[in-house]
Amino acid sequence: MMRGRSDGGQKKRLIASICVVALFLCFLYMYYDSSSQGASALEYGRSLRKLGSSYLGGDDDDTKQDGSVSNEEDSLVVAKSFPVCDDRHSEIIPCLDRNFIYQMRLKLDLSLMEHYERHCPPPERKFNCLIPPPSGYKVPIKWPKSRDEVWQANIPHTHLAKEKSDQNWMVVKGDKINFPGGGTHFHYGADKYIASIANMLNFSNDVLNDQGRLRTVLDVGCGVASFGAYLLSSDIIAMSLAPNDVHQNQIQFALERGIPAYLGVLGTKRLPYPSRSFELAHCSRCRIDWLQRDGILLLELDRVLRPGGYFAYSSPEAYAQDEDSLRIWKEMSTLVERMCWRIAAKRNQTVVWQKPLSNDCYLEREAGTQPPLCRSDADPDAVYGVSMEACITPYSKHDHKTKGSGLAPWPARMTSPPPRLADFGYSTHMFEKDTELWKQQVDSYWNLMSSKIKANTVRNIMDMKAHMGSFAAALKDKDVWVMNVVSPYGPNTLKLIYDRGLIGTNHNWCEAFSTYPRTYDLLHAWTVFSDIKSKGCSVEDLLLEMDRILRPTGFIIIRDKESIVESIKKYMKALHWEVVALEKVTTGSELDQDNEDGENNVVFIVRKKLWLTSESLRDNE
């Protein structure tokens with residue numbers, strides 16, 4: 001008996017010893033593997049080669065400002081400063097990274113699309129490296145040609161061309177990807193589909209902008225944004241919205257084409273837009289369950305629609321006669337009726353509902369009718385990290401009284417003082433002065449860049465601190481569009497921007513922006529670095545983030561304190577940026593009076609060089 005137990009104990013001890021040794025070996029393997037990966041990242045960085053600016057149409061890249069020529073050792077120093085990220089991170093979106101979600105084992109409700117919402121990594125997990133372009137990357141095709149074709153090498157994903165081959169989303173042709181303008185519900189072209197919606201609504205000449213009254217559109221589940229692309233010719237700007245889902249590169253294609261687009265999802269959080277921002281919301285086979293959670297997603301659309309705004313819905317539920325479609329149509333019709341929406345038009349596969357112009361219908365509903373009105377103390381414009389609510393957002397007293405938003409038609413809308421100026425205590429004089437000051441400043445910027453910029457050099461522009469949108473308004477005569485960004489920690493002036501017929505989003509620059517790498521041609525940073533420093537955030541992190549979202553050969557305009565700019569200059573070689581212009585701001589400038597220490601601001605303009613890894617260069621050859 002004792003002997004038998006002793007043998008069993010020896011076996012157990014032997015097994016335990018083997019397990020301990022195995023764990024130790026695993027630890028050694030992981031340790032040396034991670035070390036080798038770190039070393040390989042540095043080696044990868046050391047193997048970095050830059051293409052000369054002669055390729056870009058500028059001065060030779062190896063020539064210093066004093067005329068001397070940099071040597072190979074200088075290049076190595078640059079590479080060591082910021083190693084290059086692994087190739088698999090060439091399309092990384094740090095706050096929308098599914099690998100991060102899996103690694104952190106975040107407990108998310110997939111049915112509510114929480115895995116497509118923003119989840120930003122902590123500081124210790126940030127990517128402190130340069131995002132490499134994909135193999136064979138080329139300077140993007142210029143607008144307006146880019147609407148219809150892009151370089152395949154820049155977005156090397158062709159699965160949508162195969163999956164949507166019968167719907168004319170996109171077609172691979174040689175080294176390019178073409179966009180015929182089709183969509184799931186408009187195989188024969190977005191232009192014809194848009195005209196048909198205008199015709200349904202009896203708009204003059206079948207033009208959807210309704211003589212300038214319809215300007216801003218939200219396209220939900222936008223695909224490659226051909227709907228938004230073909231609205232532009234009618235002076236309509238669409239915020240094309242889609243998640244980073246199974247069609248994961250659709251927004252990347254949209255931005256590569258030069259079409260306004262944003263990565264986002266109707267999940268649990270409010271969309272990053274103020275109330276009453278859009279004249280039209282659109283969903284063409286967007287595969288959204290509008291009935292879930294007491295209609296909360298439809299109520300979110302209601303929040304962002306203007307008085308009298310439209311929801312164009314093209315989906316089988318609008319026309320199919322099968323049991324499921326008929327049930328969904330009946331339930332949706334009942335829901336929108338309780339929301340006081342009416343059918344403005346219905347034809348073939350499309351129905352267009354219209355939101356009421358005032359609160360009258362809401363006030364006439366029977367007590368206890370669902371969905372309820374939102375609480376009177378709820379802020380309909382608070383969006384940053386705010387959860388959606390299954391309630392109807394009533395109009396302000398002003399909108400109820402005027403039975404509409406009171407906005408001028410486009411293009412007068414851009415320079416007309418918005419009615420919601422009063423929400424901030426801003427006067428008409430302040431608005432007009434701000435508009436004029438930024439017009440002068442934009443003219444100055446373009447003069448400083450005149451030797452480097454042509455009419456079609458830039459297309460996608462971001463104003464990282466947009467305030468009232470006057471920087472974007474000053475660009476109205478250029479063939480560009482601007483993503484206006486407003487901080488959630490200051491006055492929420494984004495609604496003024498939408499009231500001017502422009503688009504934008506809320507964002508905190510201590511975090512990564514919701515876009516793919518290499519999607520903007522020009523970034524404008526007015527005191528953004530001073531702002532993030534005051535919040536204790538990293539200037540270096542922001543520089544890397546700006547480099548991530550900026551296209552090669554793109555520009556950055558930094559307007560900030562001289563000391564801030566001096567600190568940024570130290571990163572020029574590490575980031576492969578070249579100085580275009582440096583100008584001190586005139587003392588007493590009304591745009592630069594917030595410096596409590598009295599320090600002067602400067603305008604610092606840089607350009608990102610096109611660089612490729614040695615691996616990419618070999619592929620090109």
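Okay, let's start with how the chain folds back on itself: among contacts between residues at least 6 apart in sequence, 72% join residues at least 24 apart. Keep in mind that what you're looking at is a predicted model. The protein has 621 residues, and 54% of them count as buried. As for secondary structure, there are 19 helices and 19 strands.

Let me zoom in on one pair of helices. Helix 8 covers residues 292-304, helix 9 covers residues 323-338, and their axes come within 11 Å, crossing at roughly 60°. That angle is why we call helix 8 oblique to helix 9. As for handedness, the crossing of helix 8 past helix 9 is right-handed. So who's touching whom? On the helix 8 side you'll find Asp294, Gly295 and Leu298, and they meet Met332, Leu335 and Val336 from helix 9. Sort the residues of that contact by type and you get four nonpolar, one polar and one charged.

Now hop over to strand 4, which runs over residues 176-178 and has Asn178 in it. Is Asn178 buried or exposed? Well, its relative accessible area is 19%, and the cut-off for buried is under 20%, so Asn178 counts as buried. What does Asn178 touch? Leaving out residues up to four places away in sequence, the list is Asp148, Glu149, Trp169, Met170, Val171 and Lys173.

Right, on to charges. Side chains of opposite charge can pair when their charged atoms come close. How many salt bridges does the count come to? The answer is 30 salt bridges. I'll walk you through a few.

First up, we're back in helix 9. Glu331 and Arg327 make a salt bridge there through their side chains, at 3.4 Å from N to O. These two both sit in helix 9, four residues apart, so about one turn of the helix. Glu331 is partly exposed, at 37% relative accessible area, and Arg327 is partly exposed too, at 41%.

Next, Glu389 and Arg375. Their closest N and O atoms are 3.3 Å apart, and they form a salt bridge. Both partners lie in the loop between helix 10 (360-364) and helix 11 (397-402), and this pair links distant parts of the chain, 14 residues apart. Glu389 is partly exposed, with a relative accessible area of 33%.

Then there's Asp531 with Lys465, a salt bridge whose closest N and O atoms are 3.0 Å apart.

One last thing to find on your screens: a group of charged residues. Which residues do salt bridges with shared partners join into one network? They are Glu279, Arg306, Arg413, Arg420 and Asp499.

So, to recap the stops on this tour: the right-handed crossing of helix 8 and helix 9, the buried Asn178 in strand 4, and a few of the 30 salt bridges, plus that network with Glu279 among its members. That's it from me, thanks!

Note on methods: Residues are numbered from 1 along each chain as its sequence is written. This is a predicted model: local features need pLDDT of at least 70, side-chain atom pairs count only at pLDDT 80 or more; totals for chains, interfaces and linings use all residues. Side-chain values use heavy atoms; hydrogens and water are left out. Axes are lines fitted to C-alpha atoms, for helices over the stretch in contact, and angles run from 0 to 180 degrees between N-to-C directions. Angles under 35 degrees count as roughly parallel, over 145 as roughly antiparallel, 65 to 115 as roughly perpendicular and the rest as oblique. A crossing is left-handed if the near helix is turned anticlockwise from the far one by less than a right angle, and right-handed if clockwise. Contact means heavy atoms within 4.5 Å. Ala, Val, Leu, Ile, Met, Phe, Trp, Tyr, Cys and Pro count as nonpolar, Asp, Glu, Lys and Arg as charged, and the others, Gly among them, as polar. Buried means under 20% relative accessible area, exposed over 50%, partly exposed in between (1.4 Å probe, protein chains only). A salt bridge is a side-chain nitrogen of Lys or Arg within 4 Å of a carboxyl oxygen of Asp or Glu.
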